[in-house]
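Please open the model in your viewer and keep the selection panel at hand. The stops below go from one ligand to the other.

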Amino acid sequence: MSVGVLGAGAFGTALAISLGQTAPVLLWARDAKQAQLMHQNRENKARLPGFFLPANVVVTSNLADLQKCDVLLLAVPAQKLRQFLRGVDQMVAGKTLVACCKGIELETGMGPVDIAREICPQSEHAILTGPSFANDIAKGLPTALTLACANPNRARDLQQELSNSTLRLYRTTDVTGAQLGGALKNVIAIACGAAIGARLGESARAALMTRGNAEMQRYAQFKGADPATLSGLSGFGDLVLTCTSDLSRNYRFGLSLGAGKAFDPETTVEGAATACAVARDARENALDLPILSVVAALVENRLDVADAMATLLSRSLKEE
Ligand SMILES: NC(=O)C1=CN([C@@H]2O[C@H](COP(=O)(O)OP(=O)(O)OC[C@H]3O[C@@H](n4cnc5c(N)ncnc54)[C@H](OP(=O)(O)O)[C@@H]3O)[C@@H](O)[C@H]2O)C=CC1
Ligand SMILES: O=C(CO)COP(=O)(O)O
């Protein structure tokens, strides 16, 4: 199996560094100058500074170089994936595409694997997701992830190929559950950040994580996933990491919302668009997803944090 990584952001670079410890990896950056600098400096100073690219990692901006790869990891933000794949669909046709992004497309409500399936129907599709900061992976710290692929044999092959001494992959065939876990935890992380940023306390955060987890399971079931998948690394695992760490951009975005501070609009915050996509689905299908919906209202400036909390706390009392 020969692996290429499409997207030289923080995560794509970290995956290339980890996989490049034991095998050749091609890392594609869309910007030629950036690719050349990375190749020369052996570092991605723009997106993941401070980490050395092993000799096995070849950086390129030429998509034709990826022809020789049979597995391609897609590490561009979820909202950019469709546009990106449309531009490369001929080149990637027939290859195994492993989505490494976490989000739900705003316009369509589709996850990354759904998008890739629609644009590249001849490919085999999988998703790699779970609790993993790019910095931790690049440092070689122990990390466990979920590899989901509908084809169980292919899932086994990919699990074997993409695991190494510090990256431990668990496999599942529940692609829908895995892609929803990664996407939805980002929304709950924004809610938790907002609560902490507004000084609502650690107990409020614990309540948001727990009830948020219940909403994630409910929504996943509505979408045809196995709710148990949401208790695994791709759901609960990533929820815990992202809702409790300042390293998370979604959590930090929430902190800014809660504290009424500005946030750099160039930072990748997948949970914002995902919240809006899910809230629309909830409205259209009368789904009970109060936290996910309130985050959409915060992101769209329809509510402030005080109103958001009041909205959640004034709901009628119910069984847990
Ligand atoms: N960072 C992390 O710790 C983790 C991130 N992820 C997921 O990985 C995905 C990518 O995040 P991350 O790498 O952190 O993001 P970054 O913001 O670090 O990088 C985004 C990358 O996507 C590229 N890109 C953006 N738009 C396009 C486009 N239209 N076509 C091609 N390439 C494009 C950017 O290129 P350019 O540099 O030229 O702008 C950049 O290389 C997200 O879904 C995120 O949730 C998952 C786990 C951990
Ligand atoms: O998905 C992540 C960790 O698993 C990274 O989270 P952020 O995108 O919020 O930084």
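Select α9 (233–244) and α10 (249–259), each of which supplies at least two residues of the shell around ligand 2; helices here are DSSP runs of H or I with at least four residues, numbered from the N terminus, as strands (E, at least two) are. The largest share of that shell, three residues, comes from α9. This is a predicted model, in which local features need pLDDT of at least 70 and side-chain atom pairs count only at pLDDT 80 or more, while totals for chains, interfaces and linings use all residues. Residues are numbered from 1 along each chain as its sequence is written, chains are lettered from A and ligands numbered from 1 in the order in which they are written, and side-chain values use heavy atoms, with hydrogens and water left out.

Next, show the 13 residues around ligand 2, among which K102, K185, D238, S248 and N250 come nearest; a residue counts as near if one of its heavy atoms lies within 4 Å. By class, this shell has four nonpolar, five polar and four charged residues (Ala, Val, Leu, Ile, Met, Phe, Trp, Tyr, Cys and Pro count as nonpolar, Asp, Glu, Lys and Arg as charged, and the others, Gly among them, as polar).

Zoom in on the side chains of D238 and N250: a polar atom of D238 lies 2.6 Å from an oxygen atom of ligand 2, and a polar atom of N250 lies 2.7 Å from an oxygen atom of that ligand. Taken on its own, ligand 2 has 310 Å² of accessible area, of which the protein covers 91% (Shrake-Rupley method, 1.4 Å probe). Colour domain 1 (3–173) and domain 2 (183–314), whose bounds come from an automatic or database domain assignment: both give residues to the shell around ligand 2, so ligand 2 lies between them.

Now move to ligand 1, which 21 residues surround, the closest being A10, A134, R249, T268 and E270. Select α1 (10–19) and α3 (78–92), each supplying at least two residues of this shell; α3 gives the most, with three residues.

Then show the backbone of G9, F11 and K102. A backbone N or O atom of G9 lies 3.0 Å from an oxygen atom of ligand 1, a backbone N or O atom of F11 lies 2.9 Å from an oxygen atom of ligand 1, and a polar backbone atom of K102 is 3.0 Å from one of the ligand 1 oxygen atoms. Alone, ligand 1 exposes 900 Å², and the protein buries 88% of that.

Note on methods. Polar contact = N/O pair within 3.5 Å; in protein donor to acceptor, adjacent residues only side chain to side chain.
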